[in-house]
Amino acid sequence: MRIVLYLFCCLLFTLLSACGSTKKTVSNDKEPTPSLVDYTNDDDFDGVKNSEDQCPYIHGPARTFGCPDADNDGIQDDKDVCPDLKGFANMQGCIDSDHDGVIDPLDKCPDEYGESELGCNTFSASDTDGDGVNNDVDKCPDLPGLFTGNGCPDGDGDGITDDIDLCPYMYGTTEFEGCPLPFNDVMAIIGQYGDPNKKAGVSNVGYYRAFDGKLYDSNDRPINVVGGSITDQSGAVWTKENDFSVDADGVIRNSESQMVKLDDENYLFLKNKGLLNRKPINVSASNNSGIQFGNEERSSSSSGSVNFNNNSSWNQNNAFKNNDNATSGLSDEESANCNRIDLNSLKASIYFDYDATVAGGTSLRYLNRVVDAMKKCSSFELQIAGHADGDGSTSYNKVLSQKRAVSLLNYISGKGVSDKRLKYNAYGEKYPIAPNTTEEGKQKNRRAEISITRSK
C-alpha cells in the first residue's frame, strides 16, 4: 500500500510540474519591453554626448555642436548676429541685402548701396539726392537714381530711364526700347513660359514683380501700394495701416522693414505682426490676368509707338533670363551676354581626397571656368556649400567642410573676384548624396558645391 501511495504522489508531482512549465512558457511569449534611448552622458537629451556638446545643458542640434540654432543656418545662436534670420557664415549669420559689405543689422540704409561705414550714401551739397551722381550731370537731382540713367530711376540698369523703358525691370537695349527683344516677342515668351520672376516671387512672398515693374499675385491679379496702403486691382484697400512701400526687390514692407506676405488663401500677414486683413481677398472679382499677352502696342515717350512684328529672334532652346541690376563697367553687348548665360551650366561639384581641404589639380578646369564668368559679369554672386563624409565626429566634419569651402573661396578671390560677391556655408556630414557605408559613397560626399546667382 505504501508503494502505491508513493507512486501516486510521484505522478501528481510530475503533472503539477508540467503545468507550471506550460504557464511559464506562455508568459515568456509576451512582447519584450522596448529598450529606452541611451541618454548616458547626454545631460540635455539632444543626442550629442557631453564630450562633444559645446552646450551640454542646453538642447541643440548636432550640426551646431549641441547648441541652439533657431534659424537653422548652421551658426550657433550666441555667435549669430541674426539668430532669427537664416544667413551666411562669413556674414555673422546675417545677410547683406544691398551688397555693400555692411550686414543688414548694422546698415542704416539696408536697401540702398552705400560705401560709408553705416552703409549709406553720405550727403553732399554737390549731390542733393545722394544717389552718387553729382547735380551738374544729374538729370533728376531731387530724385535718387542710378548712374546708368544719369541720376534718374533706372530699375534694370540698362541705361534707359524707367519713364521711357518698355521693360523697366528687364535688362534691354535702346534698339528694342529697353527690352532684350522686340516687345511683342517678350510678351509671347512670357505668355508661353511665364514671367521669369513669378516662380521665385510667389514662392517667397506670394506675389511677384513683373517685367513692367508692377506687382501681381499668383493668379496675375495686380497688387498696388497707394499712399502707403495695399490695394487690389479694383482699388479696394486691404489693410488698415498706411505705412507700406515697395523695396528695390519688389517686396512690400512696412515702416519697420518687415516683409508683407500673401498666402495661398489670400490672407496678408507679417512675420512679426501676424494677420493684416481680417478676411481673405475677394478672388472672384475678376478672373482676368493683370498682364495681357500677344501683340499689344505700348507707347514710348521717346519714339512714339513701337513697331511690332512676328519675326522673333528668340531661340526657344534657351531659357529666358532676367537681370534686375546693371552689369557695371561692361558694354551693352557684354552685359547682354551675361544675361544670356544659363547659370545652371556654371554649377559644379568639387571633390576632395580623404581628410583633404585642398582640391586636386583636375578641379582647376572647373574653378577657372567659374572665375572667368565671375570676372566677366559683375552682377554674379557665388556661394559654396562645403560637405564631408560620415567618418569622424560631427564637430570635426563641420570644421573640415568649412575648410574645404574656404579653400575654394580663397582660390577664387585670389584670381581677382571681390570678396563681397562670395559666400559659403559648411554642413559637415549632414547632407550626404550617397551612402557612407562604402568607399565610393564617401568619395561622393567629400565635396564642395558651387552655385552662382544674379544679384537683386
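Guide: The link of Cys82 and Cys94 is right-handed, with 100° about the S-S bond. This is a predicted model, and in it the sulfur atoms of Cys82 and Cys94 lie 1.9 Å apart. A disulfide is a covalent bond between the sulfur atoms of two cysteines. Cys82 and Cys94 are 12 residues apart, and each sits in the loop between helix H1 (2-28) and helix H2 (183-193). The structure holds 5 disulfides.

Next come the strands. Strands of a sheet pair through backbone hydrogen bonds, either parallel or antiparallel.

Leu215 has Ile223 in E3 as its bridge partner. E2 and E3 form a hairpin with 4 residues between the strands, and Asp220 in this hairpin takes a positive phi near 65°.

E3 is also joined to strand E4 (residues 229-231), by 3 bridges, and these two strands run antiparallel. Here Val225 stands opposite Ile230 in E4. The hairpin of E3 and E4 has 2 residues between the strands, and Gly227 in the turn has a positive phi of about 60°. In a regular strand the side chains alternate between the two faces of the sheet.

Another open sheet is formed by 3 strands in the order E7-E8-E9, and its pairing is antiparallel. The edges of this sheet are strand E7 (260-262) and strand E9 (274-275), each pairing on one side only. Strand E8 (residues 268-270) is joined to E9 by 2 bridges, and the two run antiparallel. Leu270 stands opposite Gly274 in E9.

That leaves a pair of helices. Two packed helices are described by the angle between their axes and the distance between the axes. For helix H5 (residues 364-376) and helix H6 (residues 394-414), the axes come within 10 Å and cross at roughly 55°. An angle between 35 and 65 degrees counts as oblique, and H5 and H6 are therefore oblique to each other. The crossing in which H5 passes H6 is right-handed. On the H5 side, the contact is made by Leu364, Leu367, Asn368 and Val371, and on the H6 side by Leu408, Tyr411 and Ile412. Sorted by class, the contact of H5 with H6 has 6 nonpolar residues, 1 polar residue and no charged residues.

How values were computed: Residues are numbered from 1 along each chain as its sequence is written. This is a predicted model: local features need pLDDT of at least 70, side-chain atom pairs count only at pLDDT 80 or more; totals for chains, interfaces and linings use all residues. Side-chain values use heavy atoms; hydrogens and water are left out. Axes are lines fitted to C-alpha atoms, for helices over the stretch in contact, and angles run from 0 to 180 degrees between N-to-C directions. Angles under 35 degrees count as roughly parallel, over 145 as roughly antiparallel, 65 to 115 as roughly perpendicular and the rest as oblique. A crossing is left-handed if the near helix is turned anticlockwise from the far one by less than a right angle, and right-handed if clockwise. Contact means heavy atoms within 4.5 Å. Ala, Val, Leu, Ile, Met, Phe, Trp, Tyr, Cys and Pro count as nonpolar, Asp, Glu, Lys and Arg as charged, and the others, Gly among them, as polar. Two strands pair if DSSP finds at least two bridges between them. A disulfide is a pair of cysteine sulfur atoms within 2.5 Å.
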